[in-house]
Amino acid sequence: MGNGKQAVPDVSPDASLPSRFPAPDSLLVFYGGTFDPVHLGHLAIARHARDALGCTIRMMPAADPPHRAPPGADAAHRARMLALAIDGEPGLQVDLRELDRDGPSYSVDTLRAVRAEYGDAVPVALLIGADSLLGLPTWREWTALFGLAHLVVAERSGSALDLRLPPVLAEATAGRWVDSATALRGSPAGRLLRLQQPLHPGSATEVRHRIAGGGPWHDLVPGVVADYIVRHRLYGLNGAATPASL
Ligand SMILES: Nc1ncnc2c1ncn2[C@@H]1O[C@H](COP(=O)(O)OP(=O)(O)OP(=O)(O)O)[C@@H](O)[C@H]1O
Ligand SMILES: O=C(O)c1ccc[n+]([C@@H]2O[C@H](COP(=O)([O-])O)[C@@H](O)[C@H]2O)c1
């Protein structure tokens, strides 16, 4: 797909926080994803992380997500749906930094840019699902990620974290697991926290398949996102062109 530079949606990067959130810079949390489209599982995790960590969650759509087929919707549509889904919600923001870059949206590049912007001392975390953690050894320069950010891992059905991790991952993560957000704030990077939220079955693949197949899908995404999909006839809805990733 393209790099998403064109038609970047108009989303406010700086929604104000209510006072129950601590100083926004005490822990920077980035939740990257393809969000193709954003679904109720994404939102459940973002909200739980916000409440458990006590900080803003910056939801960051990938322009060109690595290691997967091109998304069904382009970056501008995916970012717009994300912005609609969290519009006005305290403690959730859209972060468009990956849409400003050419090439695959490698997390190591994103985190280096974050460090260049905020410095080396501020605690930074990447929020990922358990399936992403299990795939981490395939990511670009994956061991460098521990020097750049903490990882907050959301449990996901089908990707058990309580079973033995693959040896290379077990070795890389040994001694890094902590059990509180306070521990994340105690250092800039390199720790892992398991987010023990209720499991949510949401999956963007399921949403896309149901739309293309004519099955029920509206209740898998926020209403404003369902309206957007219908308005723009995304994901093969009603005979629109079938995206490659379905
Ligand atoms: N229901 C869920 N529970 C836990 N983590 C999730 C859930 N849905 C998505 N995630 C995590 O959110 C991040 C972004 O997910 P992504 O946008 O790829 O959604 P997805 O539903 O996994 O999409 P797809 O089905 O297209 O692969 C990933 O780290 C993924 O593991
Ligand atoms: O950096 C990598 O090599 C890499 C490989 C796979 C996924 N990621 C990032 O992980 C996040 C979730 O990816 P995805 O494909 O599950 O939406 C998203 O921010 C991706 O850019 C990053």
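Trp177 stands opposite Leu192 in strand S7 (strands, E, at least two residues, and helices, H or I, at least four, are DSSP runs numbered from the N terminus). S6 and S7 (residues 192-195) pair in the parallel sense over two bridges; pairing requires at least two DSSP bridges between two strands. This is a predicted model: local features need pLDDT of at least 70, side-chain atom pairs count only at pLDDT 80 or more, and totals for chains, interfaces and linings use all residues. Residues are numbered from 1 along each chain as its sequence is written, while chains are lettered from A and ligands numbered from 1 in the order in which they are written.

**Sheet**

- Seven strands form an open sheet with parallel pairing, in the order S3-S2-S1-S4-S5-S7-S6.
- S3 (92-94) and S6 (177-178) are the edge strands; each has a single partner, so one side of each lacks a neighbour in the sheet.
- Helix H2 (residues 75-86) packs on the sheet and touches S2 (57-61) and S3. Contact means C-beta atoms, placed from the backbone, within 7 Å.
- The direction of H2 makes about 155 degrees with that of S2. Axes are lines fitted to C-alpha atoms, for helices over the stretch in contact, and angles run from 0 to 180 degrees between N-to-C directions.

**Ligand 1**

- The shell holds 18 residues, the closest being Gly33, Gly41, Gly129, Ala204 and Thr205. A residue is near if its C-beta atom, placed from the backbone, lies within 6 Å.
- H1 (40-53), S4 (124-129), H4 (130-134) and H7 (204-213) each supply at least two shell residues.
- H1 gives the most, with three.
- By class, five shell residues are nonpolar, ten polar and three charged. Ala, Val, Leu, Ile, Met, Phe, Trp, Tyr, Cys and Pro count as nonpolar, Asp, Glu, Lys and Arg as charged, and the others, Gly among them, as polar.

**Ligand 2**

- Around ligand 2 lie 15 residues; Gly32, Thr34, Tyr106, Ser107 and Trp139 come nearest.
- S1 (28-33) and H3 (107-118) each supply at least two of the shell residues.
- The shell divides into six nonpolar, seven polar and two charged residues.

**Helix H7**

- Ala204, Val207, Arg208 and Ile211 are the buried residues of H7 (20 or more other C-beta atoms within 10 Å of their own; exposed means 12 or fewer; C-beta atoms are placed from the backbone).
- They cover an arc of only 95 degrees around the axis, so they sit on the same side of H7. The arc is that of the directions from the helix axis to the C-beta atoms.
- Thr205 and Gly213 are exposed on the other side of H7.
- The buried residues of H7 pack against H8 (223-232).

Conventions
Contact = placed C-beta atoms within 7 Å.
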